[in-house]
Structure formats: structure tokens, C-alpha cells
Amino acid sequence: MRIHTALLAGVAAAGLIFAATPSAATDPALSAAVRADYDANLGALFDHFHRNPELSGQEVKTAARMAKELRDLGYRVTENVGGTGVVAVFENGPGTTVMVRADMDGLPLEERSGAPNPSRARQVDRDGVEQFVMHACGHDTHITGLIGTARQMMARKANWSGTLVLIAQPAEERVEGARAMIADGLFTRFPKPEYVIGYHVASSLPAGTIWVPPSVAYSSADSVDIKVRGVGGHGASPHTTVDPVTVASYIITNLQTLRSREVDPLQGAVVTVGSIHGGTKHNIIPEEVNLQLTVRSDSYEVRDTLLDGIDRIARNTALALNVPEDKLPVVVRSPTESTPPAVNHTETALRLQSVIAGQLGQERVLDISRQGMGAEDFAFYAAPEHGIKAVIFAVGGLPEDLKDTPPPHHSPLFRIDPRASVIAGVEATVAAAEDLFKTGAQAPAQ
Ligand SMILES: [Zn+2]
Ligand SMILES: [Zn+2]
């Protein structure tokens, strides 16, 4: 969704060295096969997806194309899982179950990236408004890569044993799709994975590099609305009113203490009031003021501290400022714009770092730290209640010609190097999946 810039700033300059010793030998045949597939098939497929993006939850044609490609490769495909989601299964003998996830949606932007294949697509959105649509977050590289992975895993099926589940997920940009697919039986109607992996392209990392976060990959994100209520009246007679503008101001100020006084200074936490609206005129004290917040954290515990603290501070600030009991602030957490942090399973992440370094070369695996607090609904697959070992990694997509001015995600200027990022993504995913299938003879977790 919103924050892939998170991965980026300063990264290109940070150097690429990852010190672990690769555990897997490079497989030159895999590299060659993925490159050949890009030139024969995936390049054209990327071009198609890039020119034909669709909005979140409306990925109808994209999903149909994904289903067709996966069926043609020999997978058992189910469509319309959690909306437009696609699930492809290949049972290849005894062993564990590995799921690979890619997200499908584009964004309502008019492309000005200078790419040779710009999108001119338009689509009527949920509100009935026609929008330009653009793959401005790089999800077109993810779904192209999923087909590349599907082809390699099928071609290399003698190398591994187990059950492979590939999913094309809708509506990541609204952090709705992962939750919807799970609610529609992703882990009950289909083989439940022991591992789930996926990647996000990053426009600020050099094309073809990989970064595997050892723990937190993305922050939580929650949208919160606060309706501050008062008793309106004449601006010249404040003593006859309860002024919600003043109350809202103190609430905003007091919210700053959550991050500064209640959360460990070494922990990530953000409370941003991004919108404040109230009143109509200089000399009228209004009845209400509305605040819109985004709340970020890197752990389930800090997330609770922040969300509970917002409730407490809003209520008690209003009480202190004489707001009547029946007009205390109404605090609403969005049921949909809400995702926990995406926390990678550390042991698996370190293992995959090593495997990917073995396949791609150590110099292409970055040793960097997170920058910023972006969110990704991959977090729902990684949530502790499912007991799945989840790892999401980043694949660099920054084209050489843009290295001094990396275009941000969610910008009309967003452009990545599709060939380098798709090839790196597929190679890393296939190497990772094959290694995870070596996990042993244990049955898939149910
Ligand atoms: Zn995005
Ligand atoms: Zn994205």
C-alpha cells in the first residue's frame, strides 16, 4: 500500500554487502532459464499488465489472465477467492506446503513515467468516478514474476517434492485483499502452507538487488477518525459554549505524548493527524471538529498502546475541558484501513537470505535497515494466529538512468526496470521455494 519508499532512502548509497555464507550453490541453469523466459514470454506479459492496470478489488481482467496463464501451465486454479483472488495449486508428491503471493492492483493515477509502454487505461472506481489507472507500485512486476515462478517450478518439478500454492491477491492498496482471501477460506479450502513468501519491488533499491528483512518488514497501519463534539455558539461568547476547536487542539497536542512518553524510544511508532476540519466562519464556535489519523507501529504491543492511548487521551482531554458526558469524542478505527505489522519469521528469513545470496551472488543481497514505516497487507498471512512462517522481501527495481532521482512509489513518475526486477524476483523466489521444500518429510501443517 502506501509506503514502499520506506525501503528506500539512502539505500542505494548504503552498499550491498551481506556477510552470511551462502548455503546453496548457484544454479546457472535457473538463471539462464529465467532470462530466456523473460525474453520469450514474461517481457510481453509485463507489457500487457503494465498497459492494462485495474483498480483495487476490480482486477477482473488481470485475474482472468492470471488464471489462464496458471491453468495453461498445469496448475489447478480457483478463481474469485476473496473477490478477484486467484489460487493455483500443484501437488507434487509428499512434503511440506509453500505458498507464494503476488498482488495485482494498480492505482488511480495518470502515468507520466516516460516508460515506453505507458498505461492509458481508465476505469470507473467504486464511487462511480472514471479514473486513469497506473501500476504505480510495481504490482505488475509481482504478477509477471508469479507466472515466471509458476513456469520454473513446473519445469523443475523433479527438483522438489511437496505442495505449491500460488496466489494472485486483489486490493493490496486498500489492505483488504489478504484479509478477504483468508476470510474466503484460503487456509481451509486449499492446502494450508507451512511457509508463505512474497516480495515487493522497490524503486529506490538498485535494480536486481534483494533485501530480506530479518524481522519486521512493514509496519502496522491503522486509520482512525475522531469526531470531537462541543456546544456551538457565538465566537464573542465562548463562556456560553464548549469549543471543540480548542478541545481538538489539546487532543492533538496530547497525542504527541504517546510516542514520546509511552513507547520505548527504540521502538517504531507514529501518530500523525493528517486532517482536521471544523467550523464555517471566523465568529462561530462550531458543534464539532473532525480529525483523521494514521497510526503506525512495528509490533502488536506498541500498536495496542497507541490505539488504546488515542481512545484514552481523546476521552479524558475532552472531560478535562468540560465537554459534557453525552458529547465525548467518538473515536472510530477503520475496519478496513487496518493492518498489523508484517513480521518475518527470523529463522526462515535468515535461511532465505543465505539461499538467495547463493543463487544471485552475495553482492546483490543488501545489508540495510528499514527506512520509514510503510505497510503491506502481507502482514495478514504472517499474523501469529495462523502459525505460518512468513517472509516478504524486497527486490530492487531502480533503473540505471534514474539512480540520482529514484521515483517514489504511488507517483505518476514511478518507473522501475522490469527485466532486472522480474528476473531477480523469479530467481530468488524459485531458489527460496525449492529450499523450503527441502524442509523435510513432515506433512503440511493443517
Ligand atoms: Zn503501494
Ligand atoms: Zn505495493
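Visitor: What is Asp37 in contact with, leaving aside its neighbours within four places in sequence?
Guide: In this predicted model, Asp37 is in contact with Leu42, Gly148, Arg151 and Gln152.

Visitor: And where is Asp37 found?
Guide: Asp37 is part of helix α1.

Visitor: Is Asp37 buried or exposed?
Guide: Asp37 is buried, because its relative accessible area is 5%, and the cut-off for buried is under 20%.

Visitor: Which other residues of α1 are buried?
Guide: Besides Asp37, the buried residues of α1 are Leu30, Ser31, Val34, Tyr38, Leu42, Gly43, Leu45, Phe46, Phe49 and His50.

Visitor: Where does α1 bend?
Guide: The bend is at Tyr38 and amounts to about 55°.

Visitor: What caps the N-terminal end of α1?
Guide: Asp27 does, with a side-chain oxygen 3.0 Å from the backbone nitrogen of Ala29.

Visitor: Turning to Arg156, where is its place?
Guide: Arg156 is in the loop between α3 (139-155) and β6 (162-169). Arg156 counts as buried because its relative accessibility is 12%.

Visitor: Which side chain does Arg156 join in a polar contact?
Guide: The side chain of Glu434 is joined to that of Arg156 by a polar contact of 2.7 Å. Leaving aside neighbours within four places in sequence, Arg156 is in contact with Glu434, Val430, Leu30 and Asp27.

Visitor: Now the sheet. What is the strand order?
Guide: The sheet is open and has 7 strands, in the order β1-β2-β6-β3-β7-β17-β8, with mixed pairing. Strands β1 (76-81) and β8 (210-211) stand at the edges with a single partner strand each, so one side of each has no neighbour in the sheet.

Visitor: In what sense do β2 and β6 pair?
Guide: Strand β2, residues 85-92, and β6 pair in the antiparallel sense over 7 bridges. Within that region, Thr163 in β6 is the bridge partner of Glu91.

Visitor: Which strands does α9 touch?
Guide: Packing on the sheet, α9 touches β3 (97-103), β6, β7 (195-206), β8 and β17 (389-398). The direction of α9 makes about 155° with that of β7.

Visitor: And which strands does α2 lie across?
Guide: Helix α2 lies across β1, β2 and β6, and runs at about 165° to β1.

Key. Residues are numbered from 1 along each chain as its sequence is written. Chains are lettered from A and ligands numbered from 1 in the order in which they are written. This is a predicted model: local features need pLDDT of at least 70, side-chain atom pairs count only at pLDDT 80 or more; totals for chains, interfaces and linings use all residues. Side-chain values use heavy atoms; hydrogens and water are left out. Helices (H or I, at least four residues) and strands (E, at least two) are DSSP runs, numbered from the N terminus. Buried means under 20% relative accessible area, exposed over 50%, partly exposed in between (1.4 Å probe, protein chains only). A polar contact is a pair of N or O atoms within 3.5 Å; within protein, one must be able to donate a hydrogen and the other to accept it, and residues adjacent in sequence count only if both atoms are side-chain atoms. Contact means heavy atoms within 4.5 Å. The bend at a residue is the angle between axes fitted to the seven residues ending there and the seven starting there. Two strands pair if DSSP finds at least two bridges between them. Axes are lines fitted to C-alpha atoms, for helices over the stretch in contact, and angles run from 0 to 180 degrees between N-to-C directions.
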